Amino acid sequence: MYLPHPQSPTGANAFVIRGEGSPAELIERAKQALWEISPTMPVYHEATLADLVGASVRDRSFLLAILAGFAVMALGLAAAGIFGLMSNRIGDRTREIGVRMAFGAGRHQVLGMVLRQGTALAVLGIGVGALTSVGLTRLLASRLYRVAPLDPATFGVAALVLLATALLASWYPAWRASTIDPIRALGSD
């Protein structure tokens with residue numbers, strides 16, 4: 001349908017075309033058809049629907065990319081914090097671990113003990129974070145796209161990523177604790 005601009009002044013005129021073939025061919029055929037009707041009609045800002053949708057979500061995509069970057073940095077800071085905490089705890093408990101090993105605790109037992117402690121801290125943190133997230137979902141519900149505010153898969157994946165990060169951050173301090181020499185640990189005072 002063609003309406004002259006004076007009859008329907010909308011501020012902008014646009015055609016939406018649907019057809020077979022590549023978008024570039026469709027745009028070119030549409031321009032040729034318009035120029036057959038009016039050779040002086042200007043045609044500008046040709047775009048595919050995918051381009052228009054992409055432009056409409058570009059700002060949101062940029063903000064989500066920034067948010068993802070901050071999330072990765074937060075995950076790195078959490079890993080560094082857990083690593084530092086576990087390293088400090090191992091340093092404070094060197095004598096105790098040395099006594100355990102002197103009385104027969106094996107490397108795998110010490111490794112498991114330290115990893116269980118790191119996992120317990122991570123599970124506690126994940127639980128508190130999940131409860132807080134459930135409480136705050138109402139604030140973010142309008143910003144979510146194709147995800148329910150209380151999506152169990154999203155919460156599950158986030159918890160698994162955090163747990164894996166905590167285990168990785170706890171691994172080196174646990175390994176270091178399992179290599180403590182009982183003689184040096186007991187004679188360190």
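**Exercise 1. Which helix does Thr165 lie in, and is Thr165 buried or exposed?**

Before we start: this is a predicted model, where local features need pLDDT of at least 70, side-chain atom pairs count only at pLDDT 80 or more, and totals for chains, interfaces and linings use all residues. Numbering runs from 1 along each chain as its sequence is written, and side-chain values use heavy atoms, with hydrogens and water left out.

*Step 1.* Find the helix: Thr165 sits in α6, residues 152-178. Helices here are DSSP runs of H or I, at least four residues, and strands are E runs of at least two, numbered from the N terminus.

*Step 2.* Check the cover. Thr165 has a relative accessible area of 16%, and buried means under 20%, exposed over 50%, partly exposed in between (1.4 Å probe, protein chains only). So Thr165 is buried.

*Step 3.* Look for partners. Leaving out residues up to four places away in sequence, Thr165 touches Leu75 and Ala79; a contact means heavy atoms within 4.5 Å.

**Exercise 2. Work out how the protein as a whole is laid out.**

*Step 1.* Tally the elements: seven helices and zero strands, giving the pattern α-α-α-α-α-α-α along the sequence.

*Step 2.* Compare the spread. The radius of gyration is 31 Å, well over the 16 Å from the globule rule for 189 residues, so the protein is more spread out than a compact globule. That radius is taken over C-alpha atoms, and the rule is 2.2 Å times the number of residues to the power 0.38.

*Step 3.* Finish with burial: 17% of the 189 residues count as buried.
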